[in-house]
Amino acid sequence: MRRLIIRPGAIGDFIVSLPAMECLRTDYLEVWTASAHVPLVRFANAARSLASSGIDLLGISDTSGLERLIGELRSFDSIVSWYGTGREEFRDLVRRLGLPFQFFPALPAEGCGVHAIDFYLEQARSIAPCECDAAPRIRCDERREEFAVIHPFSGSARKNWPLKKFRGMAAKLERVMPVRWCAGAEDPPLEGAVRIDDLWELARWLARARLYVGNDSGITHLAAAVGTPVLALFGASDPRVWAPRGENVRLAWWGNGR
């Protein structure tokens, strides 16, 4: 069977759906996702960016000029999509074209209390029953080194522990091991921070760290997925749904009266 998975979303959304995507493996599996995530797709036969696929044009205009894309989609026996669930015109078009799409909600319902990993795995198991490990894993063959990583940002300022408190933690950690600050391409300026845009190279660097400390962010999920010991700090978001999973993950709460 040839299967296509279409997975949009931010880095954290992508990582928590890794077990579900691995559950959906077939003889041939291809993944279309955000361009930044493509280097992390190590479990499929092929991966490409959503931007390069042209799929955003489906349902917006007529299908003229999209014959090649439609032909590509028709080459798959199964298309599992977390893309287009909320676009009625897109769903109507692929139905009229007879394309083998199965749509799933891209995010858990607010207040559901179900962990996102379990949410996506349950969707995948409705198609392909499996016994996949319910923790994302990105295998990096790296040797541990004696340094800690602190990433003090996230996709939302309301989820961020105050930077001055991170600095206080860093001062204490530096009595034990060197501390290296980490920041993403869209994060605010931070003097001396390591910025690695390629997520696979970032994963390899994080896999060498002895400890990682960060907020509820995609990079925190990435650090947990490569097996680095993680301290994840939660304030505004719900750890029951969004906590990173792994044998070496610990959580701390600083908001919501905790």
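Q: What makes Cys 23 and Cys 130 a disulfide?
A: Their sulfur atoms are 2.1 Å apart. A disulfide is a pair of cysteine sulfur atoms within 2.5 Å, so Cys 23 and Cys 130 form one. By this rule the count comes to 1 disulfide.

Q: What kind of model do these values come from?
A: This is a predicted model, in which local features need pLDDT of at least 70 and side-chain atom pairs count only at pLDDT 80 or more, while totals for chains, interfaces and linings use all residues. Residues are numbered from 1 along each chain as its sequence is written, and side-chain values use heavy atoms, leaving out hydrogens and water.

Q: What is the handedness of the link between Cys 23 and Cys 130?
A: The link is left-handed, with -120 degrees about the S-S bond.

Q: Which parts of the chain does the pair Cys 23 and Cys 130 tie together?
A: Cys 23 lies in helix α2 (residues 18-23), and Cys 130 lies in the loop between α6 (116-125) and β6 (148-151). The pair therefore ties together parts that are 107 residues apart in sequence. Helices (H or I, at least four residues) and strands (E, at least two) are DSSP runs, numbered from the N terminus.

Q: Are Cys 23 and Cys 130 buried or exposed?
A: Cys 23 and Cys 130 are both buried. Buried means under 20% relative accessible area, exposed means over 50%, and partly exposed is in between (1.4 Å probe, protein chains only).

Q: Why is the pair of Phe 90 and Phe 101 called edge-to-face?
A: The ring centres of Phe 90 and Phe 101 are 5.7 Å apart and the planes stand at 85 degrees, so the pair is edge-to-face. The pair links distant parts of the chain, with Phe 90 in helix α5 (residues 88-96) and Phe 101 in strand β5 (residues 101-103), 11 residues apart. Phe 90 has 0% relative accessibility and so counts as buried. Phe 101 is buried too, at 14%.

Q: What makes Phe 90 and Phe 103 an edge-to-face pair?
A: Phe 90 and Phe 103 are 6.1 Å apart centre to centre, with 80 degrees between the planes. This pair also links distant parts of the chain: Phe 90 is in helix α5 and Phe 103 in strand β5, 13 residues apart. Phe 103 has a relative accessible area of 23%, so Phe 103 is partly exposed.

Q: How do you know that Arg 7 lies over the face of Trp 82?
A: Arg 7 is at 5.4 Å from the ring centre of Trp 82. A charge sits over a ring if NZ of Lys or CZ of Arg is within 6 Å of the ring centre and within 35 degrees of the ring normal. Arg 7 also lies over the face of Tyr 120, at 4.8 Å from the ring centre. Trp 82 and Tyr 120 belong to one aromatic cluster with Phe 104 and Phe 119.

Q: Why is Ser 154 called buried?
A: Ser 154 has 14% relative accessibility, so Ser 154 counts as buried. Its place is in the loop between β6 and α7 (163-173).

Q: What makes a polar contact between the side chains of Ser 154 and Asn 160?
A: The distance is 2.6 Å. A polar contact is a pair of N or O atoms within 3.5 Å; within protein, one must be able to donate a hydrogen and the other to accept it, and residues adjacent in sequence count only if both atoms are side-chain atoms. The side chain of Ser 154 also reaches the backbone oxygen of Ser 156, at 2.8 Å.

Q: Which residues of the largest nonpolar core touch the most other members?
A: They are Leu 40, Trp 82, Ile 138, Leu 206 and Leu 222, out of 53 residues. The largest share of this core, 7 residues, comes from α8. A second, separate core of 19 residues includes Trp 32, Phe 90, Leu 99 and Phe 101. A nonpolar core is a set of buried Ala, Val, Leu, Ile, Met, Phe, Trp, Tyr and Cys residues joined through side-chain atoms within 4.5 Å.

Notes:
Rings of Phe, Tyr and Trp (its six-membered ring) pair if their centres lie within 6.5 Å; planes under 30 degrees apart count as stacked, over 60 as edge-to-face and the rest as tilted.
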